[in-house]
Number of protein chains: 2
Amino acid sequence: MVVKVYGPAYASPKRVLVCLIEKEVEFETVPVDLLKGEHKDPEYLKLQPFGTVPVTQDGDYTLYESRAIMRYYAEKYKSQGTDLLGKTVEERGLVENWLEVEAQSYNPPMFTLTVQIMLSSKLGLPRDENLIKESEEKLGKVLDIYEERLSKSKYLAGNFFSLADLSHLPFTQYLVDHMGKEYMIKSRKHVSAWWDDISSRPSWQKVLQLYAAPFKN
Amino acid sequence: MVVKVYGPAYASPKRVLVCLIEKEVEFETVPVDLLKGEHKDPEYLKLQPFGTVPVTQDGDYTLYESRAIMRYYAEKYKSQGTDLLGKTVEERGLVENWLEVEAQSYNPPMFTLTVQIMLSSKLGLPRDENLIKESEEKLGKVLDIYEERLSKSKYLAGNFFSLADLSHLPFTQYLVDHMGKEYMIKSRKHVSAWWDDISSRPSWQKVLQLYAAPFKN
């Protein structure tokens, strides 16, 4: 049975899609239109009670939260495709460290910028310029720490590509392509080289080609 | 060599301490006084560039982010103490699902309540009553979903205690003991039974006894 992923047009589900391609796992996608409120449909809420995307179904096994789903498939297909978890307990620990940094420190200001710059006009809401400025400052400080880290290792968790890097792809692509803030990446030498490396992976290029962003500026 | 944990007085490091006790791993703690700004000392920033607690050192291996550290020790000592990750890839997937729910949906409003109710007066800042109300509403909606979930399984990831439950202990203890909001737990039958169960574990009682909360209301 082929794995299902709900909500492929959006950024968080794209974490799962690029992971599945790296792991050479066949999947099909199920559209969920957030602007039409399909994530609040009773049938959808049975799968994902918080009403967010993505959800995955692997046979009759259901899972949500993009980073949890990635860990599950990376573990289930450990010996297939790209190794995304590291080879030892210590490497896995560093993957988890930087995956948590992405979730706790990188993504919150990035998500706010996405909502403010790419979504507010679609939702008919005013842009909060102070919040944009504050979020850009926060993200810049995080990127300064990444610059230091990436001057010492090729990828975030060490000299191997992992879920920690992969998890940055969808929202950072928005920053570069749709928010006019590519300079935040390009002005930092090691971050820029890292971004060129991870964003040019065939897996990610395939996701971009198959599933266009629903909101563009 | 004994494992070190930095910042034992605070809530996030207590996730690590209770995990280590469950795993029967010996540890020592290194105090970090956030009110004195010790988390911004250059020596500390070499260990944790974001300037937050906890950090752990296992010999010359350094790791940060509480949930990453818990996963590392739970995996490293998999066959020792309480199993906290589930026994199969599917169980581990559900542990990750609910650990992400804790990190992404439960903890943000809980953290805001902690800062607003327990910390603002210590920091000489005004309480933002609207933000408190909004955070309590958000947390209430999350707890409604927990109530439904816990009516079907004894613990969040299934009928086994795991990191997903354990990660809720430190901040929920603040809610119950120091914020006057015990009713948020007690008014929900299954959440209340779950809380009584997990908070009475000897591991957690030991952490509370050894490391008092630095801020109380």
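Helices (H or I, at least four residues) and strands (E, at least two) are DSSP runs, numbered from the N terminus. This is a predicted model, in which local features need pLDDT of at least 70, side-chain atom pairs count only at pLDDT 80 or more, and totals for chains, interfaces and linings use all residues. Residues are numbered from 1 along each chain as its sequence is written, chains are lettered from A and ligands numbered from 1 in the order in which they are written, and side-chain values use heavy atoms, with hydrogens and water left out.

**Stop 1: a helix residue in chain B**

Select F111(B). It lies in helix α4 (residues 89-119) of chain B. Is F111(B) buried or exposed, or in between? F111(B) counts as partly exposed, at 44% relative accessibility. Here buried means under 20% relative accessible area, exposed over 50%, and partly exposed in between (1.4 Å probe, protein chains only). F111(B) and P170(B) are 59 residues apart in sequence, and 11 Å apart in space, C-alpha to C-alpha.

**Stop 2: a loop serine**

Stay in chain B and pick S120(B). It sits in the loop between α4 and α5 (129-150). S120(B) is buried, with a relative accessible area of 3%. Which backbone oxygen lies 2.5 Å from a polar atom of the S120(B) side chain? It is that of Q116(B). This is a polar contact: a pair of N or O atoms within 3.5 Å; within protein, one must be able to donate a hydrogen and the other to accept it, and residues adjacent in sequence count only if both atoms are side-chain atoms. Show the surroundings too. Leaving aside neighbours within four places in sequence, S120(B) is in contact (heavy atoms within 4.5 Å) with V115(B), L125(B), P126(B) and R127(B).

**Stop 3**

Select residues 66-76 of chain B. In this helix, α3, 9 of the 11 residues are buried, so it is largely enclosed by the rest of the structure. Among the buried ones are S66(B), R67(B) and Y73(B). Switch to chain A. Helix α3 (residues 66-76) of chain A also has 9 of its 11 residues buried, so it is largely enclosed by the rest of the structure. The buried residues there include I69(A), M70(A) and Y72(A).

**Stop 4: a buried lysine**

Pick K23(A). It is in the loop between α1 (11-22) and β2 (27-30) of chain A. K23(A) is buried yet has no salt bridge. A salt bridge is a side-chain nitrogen of Lys or Arg within 4 Å of a carboxyl oxygen of Asp or Glu. The nearest side chain of opposite charge, D83(A), is 5.2 Å away; Lys and Arg count as positive, Asp and Glu as negative, and His and the chain ends are not counted. What does the K23(A) side chain reach at 2.9 Å? That is the backbone oxygen of Q80(A). The backbone oxygen of T82(A) is reached at 2.8 Å. Not counting residues up to four places away in sequence, K23(A) also touches others, including Y73(A), Y77(A) and L84(A).

**Stop 5: salt bridges**

Side chains of opposite charge can pair when their charged atoms come close. The structure holds 42 salt bridges over all chains. Start with D83(A). It forms one with K87(A), the closest N and O atoms being 3.5 Å apart. K87(A) is exposed, at 70% relative accessible area, and D83(A) is partly exposed, at 22%.

Next, select D196(A) and K186(A). Their side chains meet in a salt bridge (3.0 Å, N to O). The pair links distant parts of the chain, with D196(A) in helix α9 (residues 189-199) and K186(A) in helix α8, 10 residues apart. D196(A) is partly exposed, at 39% relative accessible area.

**Stop 6: a buried methionine**

Pick M179(A). It is found in the loop between α7 (169-177) and α8 (183-186) of chain A. M179(A) counts as buried, at 8% relative accessibility. Leaving aside neighbours within four places in sequence, its contacts include M110(A), I117(A) and Y174(A). M179(A) and D33(A) are 146 residues apart in sequence and 22 Å apart in space, C-alpha to C-alpha.
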